[in-house]
Amino acid sequence: MSIDIETARRVAKLARIKVEKDRLPGLAQEFSAILGFIEQLNEVDVDGIEPMTSVEPMRLFRRDDVVTDGDQQAAVLKNAPDAREGFFAVPKVVE
Amino acid sequence: MSDLTKLKIAEARDALRKGDLTSVELTQACLSAIDAADALNAFVHKTPEIALDQARAADARRGADAPALNGIPLGIKDLFCTKGVPSQAASGILKGFRPEYESTVSANLFADGAVMLGKLNMDEFAMGSSNETSVYGDAVNPWKIDDRMLTPGGSSGGSAAAVAADLCLGATGTDTGGSIRQPAAFTGITGIKPTYGRCSRWGIVAFASSLDQAGPMTKDVRDAAIMLQSMCSHDVKDSTSAALPVPDFEAALTGDIKGKTIGIPKEYRMDGMPQEIEKLWADGTAMLKDAGAKIVDISLPHTKYALPAYYVIAPAEASSNLARYDGVRFGHRAKLAQGDGITEMYEKTRAEGFGPEVQRRVMVGTYVLSAGFYDAYYNRARRVRALIKRDFDLAFEAGVDAILTPATPSSAFGLGEMAEADPIQMYLNDVFTVTVNLAGLPGIAVPAGLGANGLPLGLQLIGRPWEEGDLLNIAYSLERAAGFVAKPSKWW
């Protein structure tokens, strides 16, 4: 399967990665090569095979639905590029 | 005593217990070796103050009842969050990040008395097989046979280089498609990836959550058993962590493998496989047979589909896991232009922070999960994964105890040599190891010989789920028969 430049642009947008226009053709070519490699999977008969969801058959651990942690505002904000008044700050989202 | 850093964990443990050595002496020897080895670019954040504090504490509590790793200096892969110490998964996007918490695996090691020398180089977000995608620059293999600098492998390249060069007694690694076993093989050391769920993933920067496992990288099999013992635990903070008791791995090392059945999978005999890899494999088979194991030919028919399935599943999970790097909560945020909104902030931050290989995998993952392709790519890959696992299940049901394969298709290659190759050429490095991650099995790489070019080559043993003790014992038998003792000559 060949990926066109428009698809490459759309994927970059979905992934929220800014890709300059002049890089799109190269990127489309790389995607095409990787997807070509992946296409081998079409040779496999997977009829009646359930997609694997867990590596070892085990029931996921469930804990009681109670608060176990919290009250760590300073620790949570410590690494933020921009934290103000106890919040993460970002560019204006709502007009 | 300048050779202290050459000690193995077991030897150092015994000397420390007897009082022949202090952890401070041993730790200082490692710190000096690290300072003299900047050319290897293995340690990317050195933590001498923490190391000496931990060493002094270890010396204060030494004695017969000291914990298992009391006073043993280790290196920690940069993928592990270590409290207050830079932990950036070798990525620009986590520049400056100092976690407010400690990963469960590193906390287990420190609770057992281990000393942290610093953080180790790796491929960015563990995506790579040569340590060339790191924001810190390439880690360098201490093995050298000509003018070229060689890769230590990846993604745990700094861990492999540091252990092989005797900068630390052991190191943590992580393995998503071969990232412990391939670098171990490239540097002549031992590395084990345990069964999925043995080690808690909590506090380890996530790449592909259904494949990632931590494991030790050490100078021999006994050290791997000792260190793995400490790393494993059931952890309520990781819902996929196994609620199983951790057996005594070191006690499993009897060296007696009489009556064990070793499978030799025909599908691992690849077209164009170098003669010396084929010979190494045959030699390893003969060694296990001489030790009393029964050798059987087996078939794992879906092997050739493992890499393509991996290159759907791993990028899909990565695209989801790496969505958290958005410039809001931690790490890098791009400088914004007048009028830029939140979308521009995300897009610029991620374009600046992620390197090319990470960007490529995030976008491939985004594509295979996007509307209209989810079934065709992602669900199909998960079905093929079920078949790959079934191949192994059938072999084990037929009585196979472990499977012997080469660890890598070649010995270490030169840094920069793959720069012009397409990404798939690099992905082929993991052809023998990636099946093990997809099936969630334990796998160990053991150095077994030198190639004609004088570089180490490794063999891989694959075990039954949760049978790391048995697997380590078979590896121990192979190690003793192979008698690999070669070390790189110091040039750095």
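Tutor: A residue counts as buried under 20% relative accessible area, as exposed over 50%, and as partly exposed in between. Please keep in mind that this is a predicted model.

Student: Is R56(B) buried, partly exposed or exposed?

Tutor: R56(B) has a relative accessible area of 48%, so it is partly exposed. D53(B) is also at 48% relative accessibility and therefore counts as partly exposed.

Student: What joins the side chains of R56(B) and D53(B)?

Tutor: They meet in a salt bridge, with 3.0 Å from N to O. The two residues are separated by about one helical turn, because they lie 3 residues apart in helix α3 (residues 48-60) of chain B.

Student: And which residue does K46(B) meet in a salt bridge?

Tutor: The partner of K46(B) is D38(B), at 2.9 Å from N to O. K46(B) is at 35% relative accessibility, so it counts as partly exposed; D38(B), with a relative accessible area of 49%, is partly exposed.

Student: Where does E357(B) stand, buried or exposed?

Tutor: E357(B) is buried, as is R360(B). Their side chains form a salt bridge of 2.5 Å, N to O. About one helical turn separates them, because they are 3 residues apart in helix α11 (residues 356-369) of chain B. Through shared partners, salt bridges link E30(A), E357(B), R360(B) and R361(B) into one network.

Student: How does E30(A) meet R360(B)?

Tutor: Their side chains meet in a salt bridge, 2.8 Å from N to O. In general, side chains of opposite charge can pair when their charged atoms come close.

Student: Which element of chain A gives the most to the side that touches chain B?

Tutor: That is α2(A), with 8 residues. By class, this side of chain A has 33 nonpolar, 5 polar and 13 charged residues.

Student: How much area do chain A and chain B bury between them?

Tutor: They bury about 5300 Å², 71% of it on carbon and sulfur atoms. The contact takes 51 residues from chain A and 68 residues from chain B.

Student: Changing topic, where is R23(A)?

Tutor: R23(A) sits in the loop between α1 and α2 of chain A. Its relative accessibility is 38%, so R23(A) counts as partly exposed.

Terms used. Residues numbered from 1 in each chain as written. Chains lettered and ligands numbered in written order. Predicted model: local features only at pLDDT ≥ 70, side-chain atom pairs only at ≥ 80, totals over all residues. Heavy atoms only, no water. Contact = heavy atoms within 4.5 Å. Buried area = accessible area lost by both parts, 1.4 Å probe. Salt bridge = Lys/Arg side-chain N within 4 Å of Asp/Glu carboxyl O. Helix = DSSP H or I, 4+ residues; strand = E, 2+ residues; numbered from the N terminus. Nonpolar A, V, L, I, M, F, W, Y, C, P; charged D, E, K, R; others polar. Buried < 20%, exposed > 50% of the residue type's maximum accessible area, 1.4 Å probe, protein only.
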